[in-house]
Amino acid sequence: MKRTRPPKRKLKRSEPKLREPEAADPRSIDDDPVVQGILTAISQKRLKPGAKLGEDKLAAAFGTTRIHIRQALSHLASRKVVMQIPNRGAFVYRPSWAEAQDIFAARRIIETAAVSAAVDRLDKAGKAELKAHMEREARHDRNDRWASLSLTAEFHILVARLAGNRVLLEMSRELMLRTSLAIATFEQPGEPDCSPDAHPDIGALILARDKAGAVHAMRHHIEEMEQRIRPKEGEDEVDELTAIFLEIGARARAGG
Ligand SMILES: [Zn+2]
C-alpha cells in the first residue's frame with residue numbers, strides 16, 4: 001500500500017530551533033521502557049547507588065527477555081549510571097567523593113552558561129513554558145517525595161532547553177542523573193535535592209531578563225546543594241576500585 005506523504009510544513013524563520021521534536025535526540029534509546037524505568041527509579045532515589053541489578057529479576061519485573069535487559073544495562077553503563085563487573089553483574093553506579101565534587105563543579109559551569117543563554121533567547125513560548133513549570137512547582141504536594149524530585153530536576157532541564165543548545169541540554173540531562181547518584185551516596189539524611197525556594201527566584205530573574213541576577217542565583221543554588229553532601233568517613237575511596245579489588249580477591253580465592 002502506498003503511503004501518502006504528509007504535506008511539508010513550511011518552517012517559519014521566527015520559529016526557534018529548540019521546538020524541534022525530541023525524536024531527533026540521539027539518546028532515543030532512553031525511550032526504551034527498561035532504560036526509562038531504571039532511570040526513573042534512580043532519579044527518584046528508589047534505586048540506591050550500589051544496588052544490584054539482577055538480570056532475571058529485572059526481566060521478570062519488566063516482562064521481557066534477559067537479552068533486552070542486558071542491552072539496556074550496557075547502555076546505562078555507557079552513561080555511567082550502571083556499573084558492570086565481570087562475573088558479578090550490574091550495579092547502580094556509586095560515584096566517589098571526588099567525582100561527586102566534579103559533578104557539582106561541572107554543573108556550576110554548564111548551568112550558569114545555560115541560564116545566561118536562556119535569558120538571551122527567551123521568547124513568548126519560552127516564557128509561557130517557564131511560567132507553567134513554576135506554577136506546577138508551586139502547586140505540587142511536597143509530601144509526594146517522588147513527584148517532587150522529578151519536578152525539581154525538570155526545572156534544571158527546562159532551563160537548559162530554553163538555552164536552545166542541544167548539546168548543552170544533553171549534558172544537563174546527564175549531569176542531573178549523576179547528581180542524583182552523588183546526592184544519594186553522600187547526602188545528609190532528610191535533605192531535599194533542591195532548596196524549594198530557589199526555583200521561583202531563578203525563574204523570576206529569567207522572566208525579568210536579569211541575566212547577571214539569574215546567573216548569580218543559579219550558581220548560589222548549586223553551591224547550596226553541594227554543601228548538603230558530606231564525604232563518608234573512611235569511604236572517600238570506596239568506588240570502582242573497591243569493587244575491582246573485591247573482584248580480584250574473589251578470583252584469587254577461586255583460583256587458589
Ligand atoms: Zn534546583
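H156 is buried, with a relative accessible area of 1%; buried means under 20% relative accessible area, exposed over 50%, and partly exposed in between, with a 1.4 Å probe and protein chains only. This is a predicted model, in which local features need pLDDT of at least 70 and side-chain atom pairs count only at pLDDT 80 or more, while totals for chains, interfaces and linings use all residues. Residues are numbered from 1 along each chain as its sequence is written, and side-chain values use heavy atoms, with hydrogens and water left out.

The residue H156 lies in helix α6. Helices (H or I, at least four residues) and strands (E, at least two) are DSSP runs, numbered from the N terminus. The side chain of H156 makes a polar contact with the side chain of E111, at 2.7 Å. A polar contact is a pair of N or O atoms within 3.5 Å; within protein, one must be able to donate a hydrogen and the other to accept it, and residues adjacent in sequence count only if both atoms are side-chain atoms. Neighbours within four places in sequence aside, H156 is in contact (heavy atoms within 4.5 Å) with R107, E111, M176, C194, H199, M218, H221 and M225.

## Nonpolar cores

The largest nonpolar core has 31 residues, and those with the most contacts inside it are V115, V159, I202, I206 and I229. Such a core is a set of buried Ala, Val, Leu, Ile, Met, Phe, Trp, Tyr and Cys residues joined through side-chain atoms within 4.5 Å. Two or more residues each come from α4 (97–121), α6 (145–162), α7 (166–186), α8 (198–207) and α9 (211–227). Helix α4 gives the largest share, nine residues.

Not counting residues up to four places away in sequence, V159 touches A114, V115, A118, I206 and M218. A second, separate core has 22 residues, including V35, L58, M83 and A90.

In α8, the buried residues are A198, H199, I202, G203 and I206. They are on the same side of α8, because they cover an arc of only 125° around the axis, taken from the directions from the helix axis to the C-beta atoms. These buried residues pack against α4, α5 (124–139), α6 and α9. After α8 comes R209, with a positive phi near 55°.

D210 caps the N-terminal end of α9, with a side-chain oxygen 2.8 Å from the backbone nitrogen of G213. The end C-alpha atoms of α9 are 24 Å apart, which agrees with the 24 Å that its 17 residues should span at 1.5 Å a residue; the expected span is 1.5 Å times one less than the number of residues. Buried in α9 are G213, A214, V215, A217, M218, H221, I222, M225 and E226. Among the elements that cover them are α4, α6 and α8.

## The sheet

Three strands form an open sheet in the order β1-β3-β2, with antiparallel pairing. Strands β1 and β2 stand at the edges with a single partner strand each, so one side of each is left without a neighbour in the sheet. Two strands pair if DSSP finds at least two bridges between them.

Strand β1 (residues 52–53) is joined to β3 (residues 89–92) by two bridges, and L53 has A90 as its bridge partner in β3. Four bridges join β2 (residues 82–85) to β3, where V82 stands opposite V92. The hairpin of β2 and β3 has three residues between the strands, and N87 in the turn has a positive phi of about 70°.
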